[in-house]
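Hi,

Here is the structure I said I'd pass on. Have a look at it first, and then read on for what turned up.

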Amino acid sequence: MFDLKKVIRSNILTLEPYRCARDDFKEGILLDANENTIGPAVSNLSKEEINLELNRYPDPHQHNLKQQIIDYRNQTPNKHLKNKSDQLTIENLCLGVGSDESIDMLLRCCCIPGKDKMLICPPTYGMYSICAITNDVSIEKVPLTIPNFQLDQDKITEKLQSDENIKLLYLTSPGNPTGKLINVDSIIELLNKVGQFWNGLVIVDEAYIDFTSKNNEFSESMCTLVNQYSDLVVLQTLSKSFGLAGIRLGITYSSKELSHYLNAMKYPYNISSLTSNVAIRATNKDGLKLVEEFVDQIIKQREIVLNELLKLPNVGRNIGGLDSNFILLEILDKDGKPSNEVAKKLYNTLATKEATVIRFRGSELNCTGGLRISIGTPDENERLIENFTKVLNDIINE
Ligand SMILES: Cc1ncc(COP(=O)(O)O)c(C=O)c1O
């Protein structure tokens, strides 16, 4: 039986959250938070910015924003949700400065530095390791299976059975750099299996989830399942489908109990007034309509870019899947073999001679020759295709 209290560090279990001035009294002559009551020292604020009262500390709880987020996600529950009464409430959410903050916070919440470990499934997002190393948490690895970049259930189970210091399992679905959704049924199977012997958290990072195709009734997202599986945590962000990487807003969905500890740990004012103002507008009806339009556009453009680049003789396959806003192309040498050398040269020349910047990912496990290309605007994509074709051709014929 899963016991959250054995996952969370004992110092966090006893943590009393910081009590903000505004938690006690909200109205009147507010002289209790050492703010500058004269106003912001900016001479040309817009009307909207003035209304935000930027000289005041922001709302530490963000109930309105959380409510809009859960209203949206509850509309399309995951097909594995058994009881409607288990749908999301605002108590399931903790907001952070991008999902990067959530990744770090879970480590700090659960892992004792120098003792506990986390498990990742490469190739995967690099920040899990950066956060683990900064927190002195060691990293265990079980690679995703190839060619479909799915879970290796047996090896993950074996690893978790053999090492009781592993507290967290980080999964990325859809993956980065793989762009491939991990089959939700297989994550559920894993949760059911490991839940019988392992007392740790399965964290599913869904930064790119909105780019997976969805039908009207259900979503691939697992966020609506956190009340059903108390050892499941889901991370999302407004940086991708919402087009708001600049405001830094990440969302952690977890059981109410875990969410309570995460909210107690977070810096009280981590979400700025500017961020929440934009995020509230992005998650209302009008904003969500735009998100859908953007996602459609990106998916259509992804097909165009992929089809054009796959025609080139020295481009192999799209290594991963088509569940995100990027593709991962395999670059081949003259003999038709995946080549990091050619891929790196192409990447460098594109950046330095053609001002076209993509990402070399050939050093990631099972991604030899890999270049990751984010899908741009139609204009950008046209220029990318042109420059990519020319530079690759020049390199091969050198
Ligand atoms: C898989 C994955 N998770 C999390 C992040 C970080 O997102 P955020 O901008 O919310 O910190 C990224 C960013 O590229 C990502 O690829």
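Is Phe-211 buried or exposed? Phe-211 is buried, because its relative accessible area is 1%. (Buried means under 20% relative accessible area, exposed means over 50%, and partly exposed is in between, using a 1.4 Å probe and protein chains only.)

Before the rest, some housekeeping. This is a predicted model, so local features need pLDDT of at least 70 and side-chain atom pairs count only at pLDDT 80 or more, while totals for chains, interfaces and linings use all residues. Residues are numbered from 1 along each chain as its sequence is written, and side-chain values use heavy atoms, with hydrogens and water left out.

Back to Phe-211. You'll find Phe-211 in the loop between strand 5 (201-205) and strand 6. (Helices, H or I with at least four residues, and strands, E with at least two, are DSSP runs numbered from the N terminus.) Setting aside neighbours within four places in sequence, Phe-211 is in contact with Lys-240, Ser-241, Val-295, Ile-298, Ile-299, Arg-302, Leu-322, Asp-323, Ser-324 and Asn-325. Contact here means heavy atoms within 4.5 Å. Pro-143 is 68 residues from Phe-211 along the chain, and their C-alpha atoms are separated by 24 Å.

Now the ligand. There are 13 residues around it, and the closest are Ser-99, Asp-205, Tyr-208, Thr-237 and Ser-239. (To be near the ligand, a residue needs a heavy atom within 4 Å of it.) Sorted by class, that shell has 3 nonpolar, 6 polar and 4 charged residues. The classes go like this: Ala, Val, Leu, Ile, Met, Phe, Trp, Tyr, Cys and Pro count as nonpolar, Asp, Glu, Lys and Arg as charged, and the others, Gly among them, as polar. Helix 6 (residues 98-110) gives the most to the shell, with 3 residues.

For Arg-248, a polar side-chain atom lies 2.8 Å from an oxygen atom of the ligand. The ligand exposes 400 Å² when taken alone, and the protein buries 92% of that. (Accessible areas come from the Shrake-Rupley method with a 1.4 Å probe; for residues, only the protein chains shown count as cover.)

Most residues other than glycine have a negative phi, and most peptide bonds are trans. Here, the peptide bond from Pro-122 to Pro-123 is cis, with omega near 5 degrees. Pro-123 sits in the loop between strand 2 (117-120) and helix 7 (127-134). Another cis bond joins Asn-176 and Pro-177, with omega about 15 degrees, and Pro-177 is in the loop between strand 4 (166-172) and helix 9 (184-194).

What about phi? Glu-53, in the loop between helix 4 (47-51) and helix 5 (63-75), has a positive phi near 50 degrees. Glu-53 counts as partly exposed because its relative accessibility is 48%. Phe-149 also has a positive phi, about 50 degrees, although it is not a glycine. Phe-149 counts as buried, at 2% relative accessibility, and its place is in the loop between strand 3 (138-141) and helix 8 (153-162).

Asn-183 caps the N-terminal end of helix 9, with a side-chain oxygen 2.8 Å from the backbone nitrogen of Asp-185.

Last stop: Ser-254, in the loop between strand 7 and helix 10. Ser-254 is buried, with a relative accessible area of 1%. A polar atom of its side chain lies 3.3 Å from the backbone nitrogen of Ser-259. (A polar contact is a pair of N or O atoms within 3.5 Å; within protein, one must be able to donate a hydrogen and the other to accept it, and residues adjacent in sequence count only if both atoms are side-chain atoms.) Leaving out neighbours within four places in sequence, Ser-254 touches residues including Asn-92, Val-226 and Leu-262.

Cheers
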